Amino acid sequence: MPSPSADAGGMRAVQQHVAGVLRDHVPEARICTGGEDRPWTLISVGPDARVPLFACHTDTVPVGDEKNWARDPHGGEIDASHLHGRGAVDMKGGLAAVTAALIRAAGEGAGGHLLLTADEEIGSLGAQRTGETITDLELTGIIVPEATSLGVRCAHRGACWLRLTARGRAAHGSAPERGVNAVLRLAAALGPALKTAPLRHDEVLGTETASIGTFHGGDATNIVPASATATLDQRTVTEPAPLLEHWRRIDGIDEVETILDLAALRTDPHAPFVRSLPAPVDRAPVSYFTDGSVLQGFRPDVPIVVWGPGDPTQMHAVDERLEIVQLMEATDLFEQVLLSRP
């Protein structure tokens, strides 16, 4: 099922399919839905007790040019060793494993929650709609089954994305001296500003990074551009105020707008819930961000881990594929968690 970010219909279709599968196997499953343009679904099975919550996003990054893929990116093809296609690793494989584990656990009288979110890939925008939904749940912990090769991870950097704008003055392209070229102003400012950005280091999370992601300017070839805009992806280890101040002081940048601000995820690796998981804990942070950033803000009382099947290098890759062995092992491990008692 294609469900790229911002495709509310595609993401809703995935969520409805998962809910339907669970309802078919566990008729007493409790299902709540919400969100129009960014749909979410909460599925609960088993007794109303203190249980784990699995949080899975239902969007994927775009496929890109399908000609670059060796197989149909939406074919869901399975060979002797792998499941192939966009989202196999990030993160429909993890979602499938959780769904199967919930069905098995419910058959044994155990319970758990599955939270399905939208638009994680473009800033965990859907998870931000779920605060009221999960605030009152009795939880032992939250598991985000992103790809970790089945090692338990407890941390990742936050993300602060900025829109940087330079202003100029339009003029005819035949007389550029009459205008002020905003593209040149912004382009000249970005390189030196990146080199002098006050990036910080954290013993657990590592060093912050800053990367220009997009650059746009001008309306036509024969017009001196009056404005130019770039977007900046900063992966942060603490609050971003010093970074914001740095970019606001740069000559050639007239406007700095925050378009995303996600906190770093930090969970104590010695927390009882983490230590109870049937997998080794790797203290290294994952390189990407997850919905855990948002859920941590809603439930700071609950330990959150990133733990799921798949090779992280396959995330967002052409010819994305997930090892069948890891998919099956993840299902077994998640079932063990659900069957354990707090």
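This report looks at one strand and its partners, then at the salt bridges.

## Ground rules

The model is predicted, so local features need pLDDT of at least 70 and side-chain atom pairs count only at pLDDT 80 or more, while totals for chains, interfaces and linings use all residues. Residues are numbered from 1 along each chain as its sequence is written, and side-chain values use heavy atoms, with hydrogens and water left out.

Let's start with strand E13 (residues 227–236): 7 of its 10 residues are buried, so the rest of the structure largely encloses it. Buried here is under 20% relative accessible area, exposed is over 50%, and partly exposed sits in between (1.4 Å probe, protein chains only). Strands (E, at least two residues) and helices (H or I, at least four) are DSSP runs numbered from the N terminus.

E13 runs antiparallel to strand E9 (residues 158–167), joined by 10 bridges, and Ala 166 has Ala 228 in E13 as its bridge partner. Strand E12 (residues 209–217) is also antiparallel to E13, with 8 bridges; there, Ala 210 stands opposite Gln 234. Strands pair if DSSP finds at least two bridges between them.

## Salt bridges

The count is 15 salt bridges, each a Lys or Arg side-chain nitrogen within 4 Å of a carboxyl oxygen of Asp or Glu. One of them joins Glu 335 and Arg 104 (3.1 Å, N to O). That pair links helix H8 (residues 324–339) to helix H2 (residues 88–107), 231 residues apart. Glu 335 is buried at 17%, whereas Arg 104 is partly exposed at 32%.

Arg 299 and Asp 301 also pair up, at 3.0 Å, N to O. Arg 299 is buried at 6%, but Asp 301 is exposed at 54%.
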